[in-house]
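Biologist: Please show me the protein, and then let us go through it one question at a time.

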Amino acid sequence: AQEDNQEIGFAARTPGKIMPIRLDGTNTIIGQKNAFLAAEDGVDLDIYFRKSLGAGIFGGEGFILQKFTGTGIVFLEVDGEAIERELGPGETILLDPGHIAALEETVDYGIERVKGAKNILFGEGLFFARLQGPGKVWIQTMPLSKLAEALIPFLPTTTEK
């Protein structure tokens, strides 16, 4: 919108939330590879490569992420609902790597093997994402892969004539 009393609209590709994040020129946001939806002119979009081999291979999203810098609002597409969490210095959380929507560049991202045979057999997978503060993390509640997995039992398996 270029003038007062004008509006612009856009929609996400999948059920979820559009998350506006204001960049002030000093903060950098790292998003999942399909996070970008739209941005104001002052926002720069770039490719971000994970430094950790383990995080890239076992992290669920691969080595390539999106990096947002500059000034203005960037709109990110989040699968499901978004939970914002501020991590203090040294504070750590573990979660399924597919649930990471975005994080500030100050957050250290690593991969940790799931412990315990029961967790491996009946849990979400073999690896957790380990996020250590300081900085903000945005967690998505229903990654597209999990949504597809939840819908499979309800899809027809044969075609009738």
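Biologist: In which strand does phenylalanine 49 lie?

Modeller: This is a predicted model, in which local features need pLDDT of at least 70 and side-chain atom pairs count only at pLDDT 80 or more, while totals for chains, interfaces and linings use all residues. Residues are numbered from 1 along each chain as its sequence is written, and side-chain values use heavy atoms, with hydrogens and water left out. Strands are DSSP runs of E with at least two residues, and helices are runs of H or I with at least four, both numbered from the N terminus. Counted in this way, the strand that holds phenylalanine 49 covers residues 43-49 and is S4.

Biologist: Does phenylalanine 49 count as buried or exposed?

Modeller: A residue is buried under 20% relative accessible area, exposed over 50% and partly exposed in between, using a 1.4 Å probe and protein chains only. Because its relative accessibility is 52%, phenylalanine 49 counts as exposed.

Biologist: And glutamate 77, is that residue buried or exposed?

Modeller: Glutamate 77 lies in strand S5, which spans residues 64-79. Its relative accessibility is 4%, and therefore glutamate 77 counts as buried.

Biologist: Which residues is glutamate 77 in contact with, leaving aside its neighbours within four places in sequence?

Modeller: Contact means heavy atoms within 4.5 Å. With those sequence neighbours left aside, the residues in contact with glutamate 77 are Ala12, Arg13, Thr14, Lys17, Gln32, Asn34, Ala35, Phe36 and Leu37.

Biologist: What is the order of the strands in the open sheet of 3 strands?

Modeller: Two strands pair if DSSP finds at least two bridges between them. The pairing in this open sheet is antiparallel, and the order of its strands is S7-S10-S9.

Biologist: Which are the edge strands?

Modeller: An edge strand here pairs on one side only. That holds for S7, at residues 92-95, and for S9, at residues 108-113, so the edge strands are S7 and S9.

Biologist: Over how many bridges do S7 and S10 pair?

Modeller: S10 covers residues 127-132, and its pairing with S7 runs in the antiparallel sense. Within this pairing, leucine 95 stands opposite alanine 129 of S10. The number of bridges between S7 and S10 is 4.

Biologist: How many helices and strands does the protein have?

Modeller: From the N terminus on, its elements follow the pattern β-β-β-β-α-β-β-β-β-β-α-β-β-α. The secondary structure comes to 3 helices and 11 strands.

Biologist: What percentage of the residues of the protein count as buried?

Modeller: The protein has 161 residues, and the part of them that counts as buried is 36%.
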